[in-house]
Amino acid sequence: MRPAQARASALAGAAVLAAAALGACGGGSESGGGDTDVTWAVSSGWESWNENTADGNTSYLHQALSPATTALGDFNQDAEWVFNDALLAKAPELTGESPMTVAYTLNENAQWSDGDPFDVDDFIYLWHQMSGSAEHCDQTQCLPASTDWGANVASIEQEGDVVTMTYVDGYLDPEWQYFQTPMYPAHIAEANGFPDWATDPAQMGGSATWFTQNPPTWSTGPYTPTDASAGEFVTFEPNENYQGSTKPALDKLTMKVVEGTEAIITELRQGSIDGAWPSEFSQEELDKVADDDAVTTEVYEGSIWLHIDTNMNNEFLADQALRQAVFTAIDNADIIAKAYPDTEVMARTNHFFNEQSDYFEDALNAADPPQGTGDEAAANAVLEAAGYTTGDTLMTPGGDPVTLNFRYGEGDATRTLAGELVQSYLAEIGIDVTLEAIPDGQLGTVLSEADFDLVIYGWSGTPAFTTAPQQYFGSDSSSNFGKYQLDGLDEAIAKVRSTTDIAESAQFANDVEAMVVPQAFTLPIFDEPQSVVYLNQNLDGIVPNGNSQAGPMWNIQEWKPA
């Protein structure tokens, strides 16, 4: 799951361009058959280059680096798992359950773009960074986005072309095959001053910091980065050592930050970009190109959902009663109606499952009082029962006025509107809310530093769910940005990955949901509609995909000139 500032997971979640005879778009090809030069817009910037850290785990960085992907697989548009044939010869296999062991048969030619083999060292490097163990890595530098996988690995070994991952006794996961954490090259760590990363936690931590600070020049994907600037762009050329079955067809591909859907549509119409997956859905902006036959626009359901988080370190929000009142006063239906008039947008009432899921349970409306209803009277009743003095200014039992700030992505109309509405809802119960925008590209920093009282952003996810409970709510998760803790919660979370039965695991996830919703830690609002827009005279092969955190970039190796 990836946080997404304006879309995602993140996100949650998340097409393109130029052809031989068309010379304008994105710096496109020269007339008569010049190079195919594609520019694709990413809706926001990033500060870190390491996707596996808490502040680098954003949808925007994931999109920007997707042409060089090192994941072992992804979900396609039909929610089917597809293994990455550039790295694997076949799908992973469950080879044991006591302990759980999974075998990965490597493509015999699997390699990085510099020709160095892709092998067990790269698996082990990822494990050490994501384990959360001081024995593996200095935890002041590794800062894994989630330890749910890494903390439960016992060993990783290779024999021939088969890498076997063995988990600790008692650990089981019904989604064992969906391993898609981006990998970083162990040999690059060694070449840049960290030869003993596997045995020296300080060197391992130093290498993780190095990957955070330095843009990649390597790839196992169809394209290799050739130039980059954090939060601005990444330029790619075909990876000559790509081992996938579909060879890249674009001569140059630039992932360029263009913030906001309005700016994306403007640049598309001017021909300075060739397409985008806008993070903010805006029917008004999409309508501007609705009658342009040169532009393809597709709207679809995705796995990006918007939510409001509280910060438990805030002196006021540390109180459960206040959090409950805040979430009761917020009117989710009103936010949806004002943000998306005349558009069908689904409310989100469960952190792990949407209404289309077989495992969905309506957790927000089952709460006492129900959350996201805008019920001012019910919110005041909760406060008065807890000793607060209600009225024009809400006073704590100790006699202090309650004030909060609300952070949202700068330039994102939907999140800005949500902030303004929340400010008005909470004013009705006497809470003074100050709105404070998050500058472009700084979402990861704001979250990892918990620099907020209330914050709105999106999670970009996939059809897989078993990692989410630990990532959102685990007491030791560095993606638990609000520092949520509750007696018995970690034990309940652990049960989600204690079975290979998917239905049983889903019930354990809903048990976690039943524990966290009354605590009013985070408030789901809605599942965001997704759109992709591109110049169809220039590019072919774009497949919108609401199941992938890479969105339409999930099959970027198949993009080609129209």
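How many bridges join strand E9 to strand E10, and do the two run parallel or antiparallel?

Tutor: Keep in mind that this is a predicted model. Strand E9 covers residues 223-229 and strand E10 covers residues 233-238; the two run antiparallel, with 6 bridges joining them. For a way into the pairing, find Pro-225: Phe-236 in E10 stands opposite this proline. Then go to the turn. The hairpin of E9 and E10 has 3 residues between the strands, and Gly-231 there takes a positive phi near 75 degrees.

From that glycine, let's hop to another one, Gly-474. You'll find Gly-474 in the loop between helix H13 (468-473) and H14. Is Gly-474 buried or exposed? Its relative accessibility is 1%, and since buried means under 20%, Gly-474 counts as buried. Leaving aside residues up to four places away in sequence, Gly-474 touches Pro-469, Asn-480, Asp-490 and Ile-493. For a sense of span, pick Thr-36: this threonine and Gly-474 are 438 residues apart along the chain, and their C-alpha atoms are separated by 46 Å.

Ile-493 leads us on, as this residue also turns up in the packing of H14 against H15. Two packed helices are described by the angle between their axes and the distance between the axes. Here helix H14 (residues 489-496) and helix H15 (residues 502-516) pack at an angle of about 160 degrees, and their axes are 7 Å apart. Angles over 145 degrees count as roughly antiparallel, so that is the label for H14 and H15. Their crossing is left-handed. On the H14 side, the residues that meet H15 are Leu-489, Ala-492, Ile-493, Lys-495 and Val-496. H15 answers with Ser-505, Phe-508, Ala-509, Val-512, Met-515 and Val-516.

One last stop, for the cysteines. The count comes to 1 disulfide, and this link joins Cys-137 to Cys-142 with an S to S distance of 1.7 Å. Turn the view along the S-S bond of Cys-137 and Cys-142 and you'll see a right-handed link, with 90 degrees about that bond. Are its two ends buried or exposed? Cys-137 has a relative accessible area of 0% and is therefore buried. Cys-142 is also at 0% relative accessibility, so this cysteine counts as buried too.

Methods. Residues are numbered from 1 along each chain as its sequence is written. This is a predicted model: local features need pLDDT of at least 70, side-chain atom pairs count only at pLDDT 80 or more; totals for chains, interfaces and linings use all residues. Side-chain values use heavy atoms; hydrogens and water are left out. A disulfide is a pair of cysteine sulfur atoms within 2.5 Å. Buried means under 20% relative accessible area, exposed over 50%, partly exposed in between (1.4 Å probe, protein chains only). Two strands pair if DSSP finds at least two bridges between them. Helices (H or I, at least four residues) and strands (E, at least two) are DSSP runs, numbered from the N terminus. Axes are lines fitted to C-alpha atoms, for helices over the stretch in contact, and angles run from 0 to 180 degrees between N-to-C directions. Angles under 35 degrees count as roughly parallel, over 145 as roughly antiparallel, 65 to 115 as roughly perpendicular and the rest as oblique. A crossing is left-handed if the near helix is turned anticlockwise from the far one by less than a right angle, and right-handed if clockwise. Contact means heavy atoms within 4.5 Å.
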